[in-house]
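Biologist: Walk me through this one, please, and spell out your cut-offs as we go.

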Amino acid sequence: MIRDAVSVATVFAVMVGVGVAREQGWLDHLDRLLPTQSQSTGPRSAARPIPLCSGSVRVTCVVDGDTGWEAGTKWRMTGIDAPEVSKPGCAAEKSMGNRATRRLQSLMSSGYALHGGGLDRYGRRLVSVALSNGRDAGEVLMAEGLAQRWPNSGNKWCG
């Protein structure tokens, strides 16, 4: 019983320590060692659309309007905030989040490259998504009203 409690406490302490190290940037130099993601990925084939993420297997897919997976590594776009789909604050945010997710999926299906380096506090790679036509996916989403600048002053979708 005591051994189980010590094991749980140890795991918790390690998880908190890793989270603090990521937030402070102490692990940023380890990005170069990740075998599943380089600093930039080449363009994808237009004949191979990127799927929406579903289930527990996440290889290369779109999670929502600003988050996805590439070759097994989770990423988040820098500088933008798209409406939430998993825990929205209201029905309007959920609806707009679904639109933003499908729009990002559509944009990336024409070809893209991820550029970026560091990790956020949740361990996601921070990237910009360059589309095959040279445009930035985050800028497109903001121009279409499907995302806002990050950091922001609140949830504009729930008014």
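Modeller: First, a polar contact is a pair of N or O atoms within 3.5 Å; within protein, one must be able to donate a hydrogen and the other to accept it, and residues adjacent in sequence count only if both atoms are side-chain atoms. This is a predicted model, where local features need pLDDT of at least 70 and side-chain atom pairs count only at pLDDT 80 or more, while totals for chains, interfaces and linings use all residues. Numbering runs from 1 along each chain as its sequence is written, and side-chain values use heavy atoms, with hydrogens and water left out.

Biologist: OK, which pattern does the protein follow along the sequence?

Modeller: Helices (H or I, at least four residues) and strands (E, at least two) are DSSP runs, numbered from the N terminus. The protein has three helices and seven strands. Read along the sequence, they give α-β-β-β-β-α-β-β-α-β.

Biologist: How far from the backbone nitrogen of Ala 71 is a polar atom of the Thr 60 side chain?

Modeller: Ala 71 is in the loop between strand S2 (67-70) and S3, and Thr 60 is in the loop between helix H1 (2-24) and S1. The polar contact runs from that backbone nitrogen to the Thr 60 side chain, at 2.9 Å.

Biologist: Is Thr 60 buried or exposed?

Modeller: Buried means under 20% relative accessible area, exposed over 50%, and partly exposed in between (1.4 Å probe, protein chains only). Thr 60 has 17%, so the class is buried.

Biologist: What phi does Ala 71 have?

Modeller: Most residues other than glycine have a negative phi. Ala 71, which is partly exposed at 36% relative accessible area, isn't a glycine, yet its phi is positive, at about 50°.

Biologist: How far apart are the end C-alpha atoms of helix H2?

Modeller: The expected span is 1.5 Å times one less than the number of residues. H2 has 19 residues (91-109), so it should span 27 Å, and the distance agrees: 27 Å.

Biologist: What covers the buried residues of H2?

Modeller: Those buried residues include Met 96, Ala 100 and Leu 104. The cover includes strand S1 (61-64), strand S3 (73-77), strand S5 (112-119), strand S6 (125-131) and helix H3 (137-143).

Biologist: Which residues is Gly 89 in contact with, leaving aside its neighbours within four places in sequence?

Modeller: Contact means heavy atoms within 4.5 Å. The partners are Asn 155 and Cys 158.

Biologist: How much space lies in the largest pocket?

Modeller: On a 1 Å grid over the protein atoms alone, a pocket is an open set of points where a 1.4 Å probe fits, with protein on both sides within 12 Å along at least five of seven lines; lining residues have an atom within 4 Å of a point. Grid points are joined across faces, edges and corners, and a volume is the space filled by probe spheres set on the points. For the largest pocket that comes to about 440 Å³.

Biologist: And which residues that line the largest pocket are the closest to its centre?

Modeller: S3 gives the most to the lining, with three residues. Of the 20 lining residues, the closest to the centre are Arg 76, Glu 84, Asp 120, Tyr 122 and Arg 124.
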